[in-house]
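Please look over the sequence and the structure below. A short briefing on the fold and its packing comes after them.

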Amino acid sequence: MGCGNTFFSVLVTFSVALITYNILISANAPLRQELPGPSDPSAGFSVDPVIKMPLDGSRRFGGGGGGERRRLFHTAVTASDSVYNTWQCRVMYYWFKKHQGGPNSEMGGFTRILHSGKPDRYMDEIPTFVAQPLPSGMDQGYIVLNRPWAFVQWLQQADIKEDYILMSEPDHVIVKPIPNLSRDGLGAAFPFFYIEPKKYEAVLRKFFPEEKGPITNIDPIGNSPVIVGKESLKKIAPTWMNISLAMKKDPETDKAFGWVLEMYAYAVSSAFHGVGNILYKDFMIQPPWDKELGEKFIIHYTYGCDYNMKGDLTYGKIGEWRFDKRSYDSVAPPKNLPLPPPGVPESVVTLVKMVNEATANIPNWGS
């Protein structure tokens with residue numbers, strides 16, 4: 001799948017000169033809907049850090065509901081061409097295919113949005129759209145800024161058949177068929193405890209002025225997992241891109257939000273366009289803090305899982321048994337990872353079993 005023709009590249013590259021000056025000279029610059037343009041395909045890679053969970057792993061939000069008719073959504077995952085992102089995408093797509101046609105599924109097509117600017121050798125294995133990275137240096141070392149820009153390109157250039165989009169991530173494992181959880185013009189999103197709009201109201205008002213409504217209009221979400229209407233996302237994505245850049249440029253905002261800055265930018269952009277979200281706590285679990293699968297749809301393995309051989313969690317200390325995606329930042333995990341010792345929670349055991357099944361069945365794993 002291509003990245004757009006030469007004319008488009010020239011046109012939007014010219015537009016970046018117009019918007020970058022206005023947006024990046026000041027965090028308070030007026031938000032524009034024009035698109036930044038593709039440039040140098042080289043981009044760095046950084047293994048993502050951990051956001052600490054509260055000790056009680058508590059959740060404060062309720063769930064969503066079912067539906068009467070079939071409303072397909074397209075699953076989209078942004079990724080670089082790093083070994084780290086690639087093996088996660090391969091595992092993710094394996095489980096997507098396993099559940100796509102299952103009971104109550106409203107899972108339509110799938111796209112890996114590859115923001116490295118060039119095809120890789122997995123184009124035939126995983127449906128892929130090649131997006132251009134941000135112009136060199138614009139991400140300021142924060143590679144996640146490529147995510148909203150990649151979505152802007154994909155939404156503009158790709159032929160997306162479904163009316164809804166599920167924004168997912170490489171380190172998501174789908175554990176059962178997913179229905180369309182969005183309703184009545186609202187998105188459906190997982191609530192993150194560390195996204196706190198009220199706490200950071202003074203900072204957020206730089207990007208969400210009072211005339212847009214109370215700060216509580218900003219939901220405690222990131223961009224993933226989120227199911228949202230395609231037309232709504234087409235409006236949100238350029239604003240998400242521009243607010244992300246403006247937030248990163250503003251030292252106070254950058255310091256306040258750190259690695260989750262782009263998540264705040266999506267939450268603000270969704271509210272900016274009047275798109276509220278059902279806060280669906282059963283969307284996913286995050287081992288080791290969430291111990292049981294329950295009725296969840298996704299396992300998000302962002303946290304390291306460290307245990308002693310008695311099955312006790314040793315978080316913050318490398319365990320006698322461990323599974324941490326960051327252990328495989330330069331090489332894919334081997335087949336048949338050892339299972340956790342007795343006493344380790346169901347969520348962790350299930351995760352390792354699912355990774356093992358995927359690696360055992362994906363052709364040419366580790367090659």
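The points below go from the sheet to the helices and then to one strand residue.

This is a predicted model: local features need pLDDT of at least 70, side-chain atom pairs count only at pLDDT 80 or more, and totals for chains, interfaces and linings use all residues. Residues are numbered from 1 along each chain as its sequence is written, and side-chain values use heavy atoms, with hydrogens and water left out. Helices (H or I, at least four residues) and strands (E, at least two) are DSSP runs, numbered from the N terminus.

**The sheet**

- Seven strands form an open sheet in the order β3-β2-β1-β4-β7-β6-β8, with mixed pairing. Two strands pair if DSSP finds at least two bridges between them.
- β3 (128–130) and β8 (277–279) are the edge strands; each has a single partner strand, so one side of each lacks a neighbour in the sheet.
- On average, neighbouring strands of this sheet are turned by 25 degrees against each other, direction ignored.

**Strand β4 and its partners**

- β4 (residues 164–168) runs antiparallel to β7 (residues 226–229), and four bridges join them.
- Leu166 stands opposite Ile227 in β7. Met167 has Val226 in β7 as its bridge partner.
- β1 and β4 pair in the parallel sense, over five bridges. His74 has Ile165 in β4 as its bridge partner.
- Five of the five residues of β4 are buried (under 20% relative accessible area; exposed is over 50%, partly exposed in between, with a 1.4 Å probe and protein chains only).
- In a regular strand, side chains alternate between the two faces of the sheet.
- In β4, Tyr164, Leu166 and Ser168 are buried on one side, and Ile165 and Met167 are buried on the other.

**Helices on the sheet**

- Helix α3 (residues 146–157) lies across β1, β2, β3 and β4, and runs at about 135 degrees to β1. Axes are lines fitted to C-alpha atoms, for helices over the stretch in contact, and angles run from 0 to 180 degrees between N-to-C directions.

**Helix α5 and its two helix contacts**

- The axes of α3 and α5 come within 8 Å and cross at roughly 150 degrees. α3 and α5 are therefore roughly antiparallel (over 145 degrees; under 35 is roughly parallel, 65 to 115 roughly perpendicular and the rest oblique).
- From α3, Arg147, Pro148, Trp149, Phe151, Val152 and Leu155 meet residues of α5 that include Leu233, Trp240 and Met241. Contact means heavy atoms within 4.5 Å.
- The contact of α3 with α5 has ten nonpolar residues, one polar and two charged. Ala, Val, Leu, Ile, Met, Phe, Trp, Tyr, Cys and Pro count as nonpolar, Asp, Glu, Lys and Arg as charged, and the others, Gly among them, as polar.
- Helix α5 (residues 230–249) and helix α7 (residues 261–272) have axes that come within 8 Å and cross at roughly 135 degrees. α5 and α7 are therefore oblique to each other.
- The contact of α5 with α7 has eleven nonpolar, four polar and two charged residues. Among them are Leu233, Ile236 and Trp240 in α5, and Tyr264, Val268 and Phe272 in α7.

**Ala188 in β6**

- Ala188 sits in strand β6 (residues 187–189). Ala188 counts as buried because its relative accessibility is 0%.
- Not counting residues up to four places away in sequence, Ala188 touches Leu181, Ser182, Pro225, Val226, Ile227, Asn277, Ile278 and Phe283.
- Ala188 and Phe283 are 95 residues apart along the chain, and their C-alpha atoms are separated by 8.7 Å.
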